[in-house]
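Dear colleague,

Please find the structure below, handed over for your own work. My notes on what was found in it follow directly after.

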Amino acid sequence: MPLSVLEAMALGLPVVSTNVGGIPFLIQDNLDGYLVGKNDVSGMANKIMQILDNTKKARSIIKKARKKVEGFDWDQVRVEWANLMK
């Protein structure tokens with residue numbers, strides 16, 4: 001789990017990342033973050049421009065990302081583990 005991505009989401013920063021490794025399991029493109037292909041420099045720049053050009057959508061994505069990352073809080077995870085072990 002990429003902690004830097006989780007931390008950015010928790011801080012309310014819009015995340016633009018490549019869709020490699022486990023990132024697509026954490027971020028859904030245009031829902032709670034932005035994803036581009038590996039080595040797609042122009043795609044990365046375009047996603048950043050989308051954030052700057054459409055702040056309303058960016059705020060919506062930030063809210064959804066924050067909500068998602070709250071589910072990784074120990075108080076939440078501990079309950080899930082306890083239920084799993086029962």
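Leu35 is buried, its relative accessible area being 12%; here buried means under 20% relative accessible area, exposed means over 50%, and partly exposed lies in between, with a 1.4 Å probe and protein chains only. Please note that this is a predicted model, in which local features need pLDDT of at least 70 and side-chain atom pairs count only at pLDDT 80 or more, while totals for chains, interfaces and linings use all residues. Residues are numbered from 1 along each chain as its sequence is written, and side-chain values use heavy atoms, with hydrogens and water left out.

Leu35 belongs to strand β2, residues 34–36 (helices, H or I, of at least four residues and strands, E, of at least two are DSSP runs, numbered from the N terminus). Beyond its neighbours within four places in sequence, Leu35 has contacts (heavy atoms within 4.5 Å) with Ser17, Thr18, Asn19, Ile23, Pro24, Ile27, Asp29 and Lys47. Asp53, by comparison, is 18 residues from Leu35 in sequence and 17 Å from Leu35 in space, C-alpha to C-alpha.

Two of those contact residues, Asp29 and Lys47, also pair with each other: they form a salt bridge whose closest N and O atoms are 3.2 Å apart. Asp29 is in the loop between α2 (23–26) and β2, whereas Lys47 is in helix α3 (residues 41–53), so this pair ties together parts that are 18 residues apart in sequence. Asp29 is partly exposed at 35% relative accessibility, and Lys47 is buried at 10%.

The whole structure contains 4 salt bridges, the term standing for a side-chain nitrogen of Lys or Arg within 4 Å of a carboxyl oxygen of Asp or Glu. Another of them joins Lys68 and Asp32, with an N to O distance of 2.5 Å. Since Lys68 lies in helix α4 (residues 55–70) and Asp32 in the loop between α2 and β2, the pair ties together parts that are 36 residues apart in sequence. Lys68 counts as partly exposed, at 26% relative accessibility, while Asp32 is buried at 3%.

A further salt bridge links Arg66 with Glu70, the closest N and O atoms being 3.0 Å apart. Both residues of this pair lie in helix α4, 4 residues apart, which is about one turn of the helix. Arg66 is partly exposed at 38% relative accessibility, and Glu70 is partly exposed at 37%.

With kind regards
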